[in-house]
Every structure is written in structure tokens, then in C-alpha cells.
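My notebook is open and the structure is loading. I'll jot down what I look up as I go.

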Amino acid sequence: MRKMIEWILLLAIALVFVFPFLWMALTAFKTLPEVFRFPPSFLPEKWQFVNFSIAWKSGPFLTYLVNSLIVTLTILIFQLLTAVPAAYAFARYRFKGRNMLFGLTLIALMIPPQVIFLPIYVFMSEWNLVNTLWSLILPYGASAFGIFLLRQSFMQVPDEIIEAARLDNASEWKIMWTIMVPMAKPVLVTFGLFSFIYHWNDYFWPLIMTNSEQARTLPVGISMLKSTEGDTLWHIIMAGNMILVIPILVIFFFAQRHIISAFVYQSK
């Protein structure tokens with residue numbers, strides 16, 4: 001009986017999280033009158049696949065898609081190149097001011113981008129980078145969350161493995177990239193997924209830093225889907241949101257095993 005109650009509660013919680021996404025997906029296949037019908041219909045009367053074509057052709061969505069991929073993947077590469085050495089230094093080296101610097105890194109986690117966007121915008125304007133992809137990439141080139149997550153993972157690697165590598169005359173660079181990084185693969189995949197989702201869905205920063213279609217990303221493009229005769233085309237907007245969400249679902253499907261491994265490893 002207790003097991004049944006637990007399953008019912010878990011199912012109810014799952015429905016709370018899944019239902020909004022399911023409703024969005026079904027709305028993407030409806031006609032506009034069906035969207036505003038009351039009482040609402042759960043399933044579309046006739047599946048409107050043309051909604052996706054309309055959403056895609058309503059703007060330069062291929063440009064938005066390419067920009068999103070370039071920005072998201074470049075940010076992830078920069079974050080890994082900075083987070084791995086920083087996390088390794090915090091985890092394996094003893095130097096003056098280490099705790100203070102790590103504390104400042106943790107403080108950076110508490111500062112939302114909306115607080116610091118103005119000085120960064122001024123810097124980007126002075127460097128003539130506003131309305132370019134670099135204005136979306138450079139401010140996120142380092143990740144405090146990535147440094148924290150990788151440091152915790154590196155600290156769990158036994159000292160004996162590091163000492164054995166040093167006895168074999170392995171350089172610190174080689175130890176970091178050939179020993180520490182492979183052992184932290186689940187954590188790296190998890191961080192990569194979090195970073196990808198955050199920057200793929202980011203709306204605020206591209207909206208502030210860009211003002212032309214050539215530099216905009218998918219979230220901003222989807223928000224600009226047109227209205228007709230005063231009615232918001234919710235079925236087209238939901239189709240656009242599905243275009244935005246599908247890559248995340250695909251990546252999560254292939255990375256879920258590593259995500260589970262990362263949380264199990266961190267909890268040990």
C-alpha cells in the first residue's frame with residue numbers, strides 16, 4: 001500500500017512538470033480557433049503540421065538557429081577551457097589567497113546578469129562589439145558554476161593517482177587533461193548540458209546586445225512572431241517554441257546516463 005501511494009505521488013509530481021510541456025506541444029498542432037475554444041480541447045481535431053512551416057518562414061529562422069548554435073557551443077568551449085584549469089588549481093594546489101579567490105568565485109554565482117549588464121554593455125560598445133555574436137559570447141567565457149562543480153569532482157580523485165602520475169614524470173598539464181578530465185566525464189557532460197540549456201534559452205542577453213536579425217538568436221526570434229488582426233497566434237508561437245525545445249530534448253536524451261552518474265558520483 002505504501003509503495004502504491006509513493007508511485008501515485010511521484011506520478012502526480014511528474015504530471016505537474018510534464019503537463020505544461022505537453023500542452024505546449026499539442027497547442028503547436030492546433031488551429032487558432034481551437035486554441036481559444038472553451039472548454040478547451042486536449043487533442044487537436046486535425047493535426048496542423050503546417051504551423052511549424054509558418055513559424056519557420058515568419059523570419060530568418062535559419063540565421064537564428066545558426067547564431068544560437070555558434071553562441072552556445074563557443075561559450076561552452078570557452079567555459080571548459082577556463083573552468084578545468086581553475087578547478088584543478090583550486091582542488092590540487094595550496095597557494096596564498098586560494099580560499100579568498102574561491103570565495104569570490106562563489107560570490108559570482110549569486111550575481112544575476114541583469115545587475116551587471118549596463119557596464120558590460122558600455123564595454124562592448126567601446127570595443128565596437130555590440131550587435132555581434134562576440135557580445136553574446138565573451139561575457140560568459142568563464143563559468144563560476146563550472147569551476148565549482150569541477151573542483152568538487154577533482155577533489156574526489158585519490159591523491160595516490162596524482163602522485164603515481166608525477167612519479168612517471170607526467171606534467172601537470174598532462175595530469176589535468178589525461179587523468180582528471182576523463183575521470184570527471186559525467187560531471188563535464190552534466191555541466192555542458194546545463195550550460196547549453198541556459199545559453200540556448202537565454203532571451204535577456206541577446207535582446208540587450210543585438211538589434212538586427214543577423215545577430216539575433218532563436219529565443220529573440222520566436223518572441224517576435226507576428227500577430228494578425230490583433231490576435232496573438234499562439235499556435236504559431238508554440239510551434240516556434242517546439243523548434244527551440246527539440247534540440248534540448250535530443251541532447252538530454254543522449255546525456256541522461258551521464259547526468260545520473262554525475263549526481264551519484266557527487267553524492268558519494
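**Helix H8.** I started with H8: eight of its eleven residues are buried, so this helix is largely enclosed by the rest of the structure. Buried here means under 20% relative accessible area, exposed means over 50%, and partly exposed is in between (1.4 Å probe, protein chains only). Helices are DSSP runs of H or I with at least four residues, strands are runs of E with at least two, and both are numbered from the N terminus. The buried residues of H8 are Ala144, Gly146, Ile147, Leu149, Leu150, Arg151, Ser153 and Phe154.

**Ground rules.** I noted that this is a predicted model, where local features need pLDDT of at least 70, side-chain atom pairs count only at pLDDT 80 or more, and totals for chains, interfaces and linings use all residues. Residues are numbered from 1 along each chain as its sequence is written, and side-chain values use heavy atoms, with hydrogens and water left out.

**The cores.** Next I looked up nonpolar cores, meaning sets of buried Ala, Val, Leu, Ile, Met, Phe, Trp, Tyr and Cys residues joined through side-chain atoms within 4.5 Å. The largest one has 25 residues, and those with the most contacts inside it are Val84, Tyr88, Leu150, Phe154, Ile175 and Met180. Two or more residues each come from helices H4 (61-92), H8 (144-154), H9 (159-167), H10 (172-183) and H11 (185-201). H4 gives the most, with seven residues. I also found a second, separate core of 24 residues, with Met24, Ala28, Leu233 and Met242 among them.

What does Leu150 touch, leaving out residues up to four places away in sequence? I got Ala83, Val84, Ala87, Val187 and Leu188, with contact meaning heavy atoms within 4.5 Å.

**Arg92.** This residue sits in helix H4. Is Arg92 buried or exposed? Arg92 counts as buried because its relative accessibility is 15%. Its side chain has a polar contact of 2.3 Å with that of Asp159. A polar contact is a pair of N or O atoms within 3.5 Å; within protein, one must be able to donate a hydrogen and the other to accept it, and residues adjacent in sequence count only if both atoms are side-chain atoms. Not counting residues up to four places away in sequence, Arg92 also touches others, including Phe154 and Met180.

**Helix H6.** H6 covers residues 113-126 and reaches 19 Å from its first C-alpha to its last, close to the 20 Å expected. The expected span is 1.5 Å times one less than the number of residues. Pro113, Ile120 and Met124 are buried in H6, and its buried residues pack against H7 (134-137), H11 and H12 (204-209). Just after H6, Asn128 has a positive phi of about 60°.

**Aromatic rings.** I counted 23 aromatic pairs in the structure. Rings of Phe, Tyr and Trp (its six-membered ring) pair if their centres lie within 6.5 Å; planes under 30 degrees apart are stacked, over 60 edge-to-face, and the rest tilted. Phe29 and Phe52 make a tilted pair, 5.1 Å centre to centre with 55° between the planes. Phe29 is in the loop between H1 (2-27) and H2 (32-36), while Phe52 is in H3, 23 residues apart. Both Phe29 and Phe52 are buried. Ring pairs also link Phe117, Tyr140, Tyr198, Phe204 and Trp205 into a cluster.
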